[in-house]
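Reader: Please take a close look at the aromatic pairs in this protein. I would like the geometry, the surroundings and the cut-offs behind each term.

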Amino acid sequence: MGCGVTKVVSLQHREAHFVPFSEFKEHGCVSRRGHRSDFVHRLTGQRNANMYKAKSEFDRAATIFIFVTHRWLSPGGASGHPDDMHCSKFKLIVQAVEWMLCTKHMKKTDYGMRRQIII
């Protein structure tokens, strides 16, 4: 075990994925990031929305990254979903990000005009 053998894993699969906050808000819910474009969730009717991009695809000098970690409200493979029918988690994330942007250290006038907000 461990005799110098290294497992090579694609960086794309290991790095965090983000979405511009404006696109997240416009989408209106916490979306699934599945592989099948024809998938329709049996409870919510939502399709997979592969709008997330690897962190390396963003210009770090012009981006503020806000990392949001969460547990899916209904885990379970294809039948699982990250949010509920009322988009409660989505609303909470939007409210938290907008609150952070209004604090004295993150005023939109300082960051919002020059930098892209990514969650």
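Author: What follows starts with the model as a whole, then turns to the aromatic rings and ends with the nonpolar core.

This is a predicted model, in which local features need pLDDT of at least 70 and side-chain atom pairs count only at pLDDT 80 or more, while totals for chains, interfaces and linings use all residues. Residues are numbered from 1 along each chain as its sequence is written, and side-chain values use heavy atoms, with hydrogens and water left out.

The mean pLDDT (the predictor's confidence in each residue, from 0 to 100) is 75 for the protein, and 68% of the residues reach 70 or more. The protein has four helices and four strands, where helices (H or I, at least four residues) and strands (E, at least two) are DSSP runs numbered from the N terminus. Their order from the N terminus is α-β-α-β-β-α-α-β. Where pLDDT is low, the predicted coordinates should not be read in detail.

Now the rings. Four aromatic pairs are found in a search of the whole structure. Rings of Phe, Tyr and Trp (its six-membered ring) pair if their centres lie within 6.5 Å; planes under 30 degrees apart count as stacked, over 60 as edge-to-face and the rest as tilted. One of the pairs joins Phe18 and Phe67, edge-to-face, with 6.4 Å from centre to centre and 65 degrees between the planes. Phe18 lies in strand S1 (residues 17-18) and Phe67 in the loop between strand S3 (63-65) and helix H3 (88-102), so this pair ties together parts that are 49 residues apart in sequence.

Phe18 counts as buried because its relative accessibility is 4%, whereas Phe67, at 58%, counts as exposed.

Phe58 and Phe65 form another edge-to-face pair, at 6.1 Å centre to centre and 80 degrees between the planes. Phe58 is buried at 9% relative accessibility, and Phe65 is partly exposed at 23%. Phe18, Phe58, Phe65 and Phe67 form one aromatic cluster.

Lys55 lies over the face of Phe65, 5.0 Å from the ring centre; a charge sits over a ring if NZ of Lys or CZ of Arg is within 6 Å of the ring centre and within 35 degrees of the ring normal.

Last comes the core. A nonpolar core is a set of buried Ala, Val, Leu, Ile, Met, Phe, Trp, Tyr and Cys residues joined through side-chain atoms within 4.5 Å. The largest one has 16 residues, of which Phe21, Phe24, Phe90, Val97 and Ile117 touch the most other members. H2 and H3 each supply at least two residues of this core, and H3 gives the most, with five. Leaving aside neighbours within four places in sequence, Phe90 is in contact (heavy atoms within 4.5 Å) with Phe24, Lys25, Gly28, Cys29, Val30 and Asp83.

Technical notes
Buried < 20%, exposed > 50% of the residue type's maximum accessible area, 1.4 Å probe, protein only.
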